[in-house]
Amino acid sequence: MFRSIMAAALVALSIATSLPAFAQPFPNKTIHLIVAYSPGGTGDVVARVIADKLGPALGQPVVVENRAGASGAIGAQAVLNSTPDGHTLLVGQTAEIVVNQYWIKGLTYDPASLMPVALATVVPLALSVPPTAPYSTLADMLKTLSASEKKFSFASAGTGTPGHIAGEYLSAKLPGKLVHVPYKGAGPALNDLIGGHVDMYFPGFPAAMPLLKAGTLKVLAVSSAQRSQAAPEIPTVAEATGSKDFDFTLWQGFFAPRGTPQDVITQLHSEINKILADPATRQKLVDAGANVMPLSIGEFAAFVKAESDKYERIIRETGVKPD
């Protein structure tokens, strides 16, 4: 009898002590925002702006972690390997979410397993050259390249990134003149561009903006169909070359691993969109060269699908391949 009572008491105690673990509201620990590239790139800039506001909004620390390599695949895989409870999110960008599936053979992760939470920003790429470059317009650069006997190098944050594909598009106008040099993120590529170790690079505008203002690089054109709101004096590549179909952007959104509870995704979506609606935060991102573009979760999913279809077509039609 005594043993039965003790057993029952132990079971009751076990249930009672385990209940708080199930009842804990989200979030209940540090939130990790994974950026799949080195510090200094556009995704890193956007992640840190959002992290500064998201921590106080949720009442838990929010830290940004850079997991660079394999055109975003390492960071994406790290998020998919995490517990799907909303405490680890990917600050996903164009390459790892939509391009890699058509680009990398034997891709180690399924982009469809990354659930859209919130789209933050869409930015043009900035066709940038070293500050010592002898040209200040894209037309002059193209003339110089055409007249020169040497090959010119163009950097990217990794193979298959929008900057790489944009560079290949431009390279098609100068057959045999441009040589691709991939890096593990925008930061290292920008450092080598500033130092004159590469001749050209298409970073995201927020990564290029402070360097443009400091005079440590030149921006000859932007890759989007429309001029940047942050620097409307800079022409588009389409305007400078007459290539009306030249339209590449880099976007940044938040993704959670499949299996994350829907109410957690909804809460994160709401808080991130509130941050994007804050006038001071919005202006900070716009001043950095980003277009703030909050969408509903359904609209974000449709946006990702449209981007995926677009890059599948571009890669198929152009025949651009990994180096």
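Author: A term to begin with: a salt bridge is a side-chain nitrogen of Lys or Arg within 4 Å of a carboxyl oxygen of Asp or Glu. The model is predicted, so local features need pLDDT of at least 70, side-chain atom pairs count only at pLDDT 80 or more, and totals for chains, interfaces and linings use all residues. Residues are numbered from 1 along each chain as its sequence is written, and side-chain values use heavy atoms, leaving out hydrogens and water.
Reader: How many salt bridges are there in the whole structure?
Author: The search finds 6. One of them joins R48 and D44, at 3.0 Å from N to O.
Reader: Where do R48 and D44 sit?
Author: In helix α2, residues 42-58. They are 4 residues apart, about one helical turn. Helices (H or I, at least four residues) and strands (E, at least two) are DSSP runs, numbered from the N terminus.
Reader: Is D44 buried or exposed?
Author: Buried, at 7% relative accessibility. Buried means under 20% relative accessible area, exposed over 50%, partly exposed in between (1.4 Å probe, protein chains only). R48 is partly exposed at 35%.
Reader: New topic. What does K29 pair with?
Author: D85, with the closest N and O atoms 3.8 Å apart. That pair links distant parts of the chain, 56 residues apart. K29 is in the loop between α1 (2-23) and β1 (31-35). D85 is in the loop between α3 (73-80) and β3 (88-93).
Reader: And which residue does R227 bridge to?
Author: E239, at 3.0 Å between the closest N and O atoms. R227 is partly exposed at 38%, and E239 is partly exposed at 49%.
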